[in-house]
Amino acid sequence: MADDYLVRIGKLIRDARQHRGWTQAQLAEALGTSQSAVNRIERGNQNISLEMIARIGEALDSEIVSLGYAGPMHLRVVGGRRLSGAIDVKTSKNACVALLCASLLNKGRTVLRRVARIEEVYRLLEVLNSIGVRTRWINDGVDLEIVPPAELDMGAIDADAAVRTRSIIMFFGPLLHRMDRFKLPYAGGCDLGTRTIEPHMIALRRFGLDIAATEGQYHAVVDRSVRPDRPIVLTERGDTVTENALLAAARHDGVTVIRNASSNYMVQDLCFFLEALGVRVEGIGTTTLTVHGVPDIDVDVDYSPSEDPVEAMSLLAAAVVTESELTVRRVPIEFLEIELAVLEEMGLDHDRTAEYYADNGRTRLVDLTVRPSKLEAPIDKIHPMPFPGLNIDNVPFFAAIAATAQGKTLIHDWVYDNRAIYLTDLNRLGGRLQLLDPHRVLVEGPTRWRAAEMMCPPALRPAVVVLLAMMAAEGTSVLRNVYVINRGYEDLAERLNSIGAQIEIFRDI
């Protein structure tokens, strides 16, 4: 029995190591032991102490190989430190999750370069693996290889992983071409109030998809006789709505016109990927997309998603809030031009390099250097608009930025039902934010930030905004249960530490 447990523990450790993209040698180095010892542990041929299990769990950041329930991850932040140097922007979280869903269109091998190693991606990989898709990290864990099976096993879907991500709704578009009936768990994700999937259904019904929602599942039935015979007009110019329509159109045998489409960064990356699959897409970057579908896609494709403009905005906001000089490299400038124009109006001192292309050969990048600036509140309110307006996900960062500026700034976050409410968590750190209604916050600055211990807001961008304020506050702050940050950012604490922050990751004992 003891030997059986050792084998089972070893298998868990091996799976967690491979999931992280590490070799046995890398794990051995992290543990201060030999590769042969790790090999024996993974084969179940070595006794292993509870202390070693806990150390392995910490090294792999895996609750699977922890002692009991490891509990949530927390951050201890020593604030008041200036940032310096340079930092690269990582690939787009939202593009990566769209491309993972899009890989279901392809019967061949898909390789995605420099995929974001974040919880949202891990959840989608767990779902894909559960239905028979083979995935593995290659090239020292930097790139991701995806190979689909001949038939998907939807009956084996990992419902626990699926309900932890809203991205699962983007399975509808690819799956309607692969099977006549299937079920998907309800979509989850951030707590941002009521978010209906009806705009998705309006678009996908034009491809014969009918959805009934019962008992925590979406029950999908496809009528093959239904085909889009006129342009599809999206009732919401949303990113995921547009992506779902694109995914459905990609394997439709004919030409599909999608109007009122989002032209945001993740939609453009998806269009570029579809072109790599052989699907012709006209109008990329506009609100009218014409898709020339390919009913059977079986190609080996290699694609590099572009950098994440929201992460770039996060890093720029970190520099502003901490009054630091910082260079942010590989910034997708096309998707931050409005934000920078607003910051220039507020008095931001910065410069940028000449433009160059991302690895996808299409997205324009620059390197931005931000310097300490005396900011003034903008005359107009801060509010999001569909691209090319100010990005919806970048609005929360202006709450922290406005808190450092002289004067009062009105932020109108009209898209989500309750995200603006979470911004008032900055008051715990010395901010002066007045909630006018569920969508509008009045921010008064400048702010003398102070340290505090608090729970992480349940929405991704407000959570990061709180972390940035903690970095600016003198003293030691604690941000508890930061899973939501890990959903959208890869190794954020360690990367911020590399440019001068002091953030410690810890768990309750």
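This is a predicted model: local features need pLDDT of at least 70, side-chain atom pairs count only at pLDDT 80 or more; totals for chains, interfaces and linings use all residues.

Student: Why is the pair of Tyr265 and Phe335 called edge-to-face?

Tutor: Rings of Phe, Tyr and Trp (its six-membered ring) pair if their centres lie within 6.5 Å; planes under 30 degrees apart count as stacked, over 60 as edge-to-face and the rest as tilted. The ring centres of Tyr265 and Phe335 are 6.0 Å apart and the planes stand at 65°, so the pair is edge-to-face. By this rule the count comes to five aromatic pairs.

Student: What makes Tyr265 and Phe335 a link between distant parts of the chain?

Tutor: The two residues are 70 residues apart: Tyr265 is in helix α11 (residues 265-276), and Phe335 is in the loop between β14 (326-332) and α13 (337-346). Helices (H or I, at least four residues) and strands (E, at least two) are DSSP runs, numbered from the N terminus.

Student: Why do Tyr265 and Phe335 count as buried?

Tutor: Buried means under 20% relative accessible area, exposed over 50%, and partly exposed in between (1.4 Å probe, protein chains only). Tyr265 has 4% relative accessibility and therefore counts as buried; Phe335, with a relative accessible area of 6%, is buried too.

Student: What is the geometry of the rings of Phe273 and Tyr303, and what is the pair called?

Tutor: The centres of these rings are 5.8 Å apart and the planes are at 70°, so the pair of Phe273 and Tyr303 is edge-to-face. This pair also links distant parts of the chain, with Phe273 in helix α11 and Tyr303 in strand β13 (residues 301-303), 30 residues apart. Phe273 and Tyr303 are both buried. Elsewhere, Phe172, Phe182 and Tyr218 form one aromatic cluster.

Student: How do you know that the charged end of Arg76 sits over the ring of Phe506?

Tutor: A charge sits over a ring if NZ of Lys or CZ of Arg is within 6 Å of the ring centre and within 35 degrees of the ring normal. The charged end of Arg76 is 4.0 Å from the centre of the Phe506 ring, over which it sits. Arg117 likewise lies over the face of Trp137, at 3.7 Å from the ring centre.

Student: What makes β6 and β7 edge strands?

Tutor: Two strands pair if DSSP finds at least two bridges between them. The open sheet has three strands in the order β6-β8-β7, with antiparallel pairing. β6 (181-185) and β7 (209-214) each pair on one side only, and these are the edge strands. Neighbouring strands of this sheet are turned by 25° against each other on average, direction ignored.

Student: How many bridges does β7 share with β8?

Tutor: β7 and β8 (residues 217-222) pair over six bridges in the antiparallel sense, and Leu209 stands opposite Val222 in β8.

Student: What is meant by the largest nonpolar core, and which residues have the most contacts inside it?

Tutor: A nonpolar core is a set of buried Ala, Val, Leu, Ile, Met, Phe, Trp, Tyr and Cys residues joined through side-chain atoms within 4.5 Å. The largest has 154 residues, and Phe171 and Ile485 have the most contacts inside it. Helix α16 (residues 460-472) gives the most to this core, with eleven residues. Apart from this core lies another, of 14 residues, among them Ile13, Ile48, Met52 and Ile53.

Student: Why are Asn260, Glu323 and Pro386 called partly exposed?

Tutor: Their relative accessible areas are 24% for Asn260, 47% for Glu323 and 25% for Pro386. Each value falls between the limits for buried and exposed, so the label is partly exposed.

Student: What is the phi value of Asn260, and what is that of Glu323?

Tutor: Phi is near 60° for Asn260, a positive value in a residue other than glycine. For Glu323, also a residue other than glycine, phi is positive and near 55°. Asn260 lies in the loop between β10 (255-259) and α11, and Glu323 is in the loop between α12 (309-321) and β14.

Key
Residues are numbered from 1 along each chain as its sequence is written. Side-chain values use heavy atoms; hydrogens and water are left out. Axes are lines fitted to C-alpha atoms, for helices over the stretch in contact, and angles run from 0 to 180 degrees between N-to-C directions.
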